[in-house]
Amino acid sequence: MDWDDFKFFSAVVRSGTVRAAAKALGVHPSTVTRRLEHLETRLGVKLFNRRGQGLALTAAGESAAAGLQRIERDIAGIERNLQRSGDELAGPVRAAVPDFLLLGGLADALDGFFNAYDDIQIEWLGGGPAAASFDVALELTASPALDLIGREAGAVGFSLYGRRSLLARPGSALKWIEAAGLAGDKASDAAIARLKSRHLDGAPTAARCPDLTHLLPLLRAGVGVAALPCWVGDADAGLERLPGAGVEPVPLWLLRAPESRGIRRVRVFVDHVQAALRDNAARLGGG
């Protein structure tokens, strides 16, 4: 099928005369006339009635013109979708990620993403899904919100950590450091409570702090012992696990806001995060 013939036909329909169509197409009027005649001969139908200097569509011509208009709208829609898809690989992605994942090296594990997609900007939001409006979130929980799209992405292991010289002391001499914002979910709180109950039951509280950025310096200074995600504690050269403490796993969910469905830059980022978590599953779980 020669679509060029239909291009000439559509130009005449829009312009109303051969001369105007030729001007719009940048060709000689005789070329337009010749292509119309070729189209009519090939189809075996008459598309125009010639009336002096003008042309009037026949019934067959009107049917063809209506069909071509639909095709042109469809093609325009395809072009818009393709352009929009290309644009979606640029722009912001709002990621609500607990601080411990970034402190433990999640950004380093995503180096392939950052190298491949220079035009996507990640807006890091601390505190998980409850912190702010987001596109993607990582949350420690056994029961994520039902209105979010997500899947379980593994488990985060928790254990007890302190400075080496401190852990060499008898158990009765150890003190507890409490970090209020370390986990924030019932599953994480329960895991930390189990660790403390088994190994530091009755230990006095030496300090309380709001988050990891305050907790880590206190642990390194030997103030006491605290629960940490193994992802962070094992990576810190100044800390060691309390001997025999074991690991308490907490589910980690990779979640998406419903309005982010179909946005390519979000999907690309999610795919890379999922791969990074999968590649680091053993370290994340404390194995």
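**Figure 1. Arg-283 and the ring of Trp-231 in the predicted model.** The charged end of Arg-283 is placed over the Trp-231 ring, at 3.9 Å from the ring centre. The structure shown here and in the following views is a predicted model.

**Figure 2. The aromatic cluster containing Phe-113, Phe-114, Tyr-117, Trp-124 and Phe-269.** These five residues form one aromatic cluster, and a search of the whole structure finds five aromatic pairs. Phe-113 and Tyr-117 have ring centres 5.5 Å apart and planes at 35°, so this pair is classed as tilted; the angle lies between the limits of 30 degrees for stacked rings and 60 degrees for edge-to-face rings. Phe-113 is buried, with a relative accessible area of 0%, whereas Tyr-117 has a relative accessible area of 24% and is partly exposed. Trp-124 and Phe-269 form an edge-to-face pair, with 6.2 Å from centre to centre and 70° between the planes. This second pair links distant parts of the chain: Trp-124 belongs to strand β4 (residues 120-125) and Phe-269 to helix α12 (residues 264-279), 145 residues apart. Trp-124 is partly exposed, at 31% relative accessibility, while Phe-269 is buried, at 1%.

**Figure 3. Helix α12 and its buried residues.** Helix α12 comprises 16 residues and spans 23 Å from its first C-alpha to its last, close to the 22 Å expected at 1.5 Å a residue. Its buried residues are Arg-265, Val-266, Val-268, Phe-269, Val-270, Val-273, Ala-276 and Leu-277.

Figure 4. Ala-95 lies in strand β3 (residues 91-96). Its relative accessibility is 0%, so Ala-95 counts as buried, the limit for this class being under 20%. The C-alpha atoms of Ala-95 and Leu-138 are separated by 8.0 Å, although the two residues are 43 residues apart along the chain.

**Figure 5. Pairing and burial of strand β9.** Strand β6 (residues 149-162) pairs with strand β9 in the antiparallel sense, over four bridges. Within this region, Pro-229 of β9 is the bridge partner of Phe-158. Both faces of β9 (residues 226-229) are covered. Ala-226 and Leu-228 are buried on one side, and Ala-227 and Pro-229 are buried on the other.

**Figure 6. Thr-141 in the loop between β5 and β6.** The loop that holds Thr-141 lies between β5 (136-140) and β6. Thr-141 counts as buried, with a relative accessibility of 1%. When residues up to four places away in sequence are not counted, Thr-141 touches Asp-185, Val-250, Pro-251 and Trp-253.

**Figure 7. The whole protein as context for the close-up views.** The secondary structure of the protein comes to 13 helices and 11 strands. Of its 287 residues, 40% count as buried. The protein exposes about 15100 Å², of which carbon and sulfur atoms supply 51%. Among contacts between residues at least 6 apart in sequence, 77% join residues at least 24 apart.

Conventions:
Residues numbered from 1 in each chain as written. Predicted model: local features only at pLDDT ≥ 70, side-chain atom pairs only at ≥ 80, totals over all residues. Heavy atoms only, no water. Helix = DSSP H or I, 4+ residues; strand = E, 2+ residues; numbered from the N terminus. Buried < 20%, exposed > 50% of the residue type's maximum accessible area, 1.4 Å probe, protein only. Contact = heavy atoms within 4.5 Å. Areas by Shrake-Rupley, 256 points an atom, 1.4 Å probe, with all protein chains shown as cover. Pairing = 2+ DSSP bridges. Phe/Tyr/Trp six-rings, centres within 6.5 Å; stacked < 30°, edge-to-face > 60°. Lys NZ or Arg CZ within 6 Å of the ring centre and 35° of its normal. Expected span 1.5 Å × (residues − 1).
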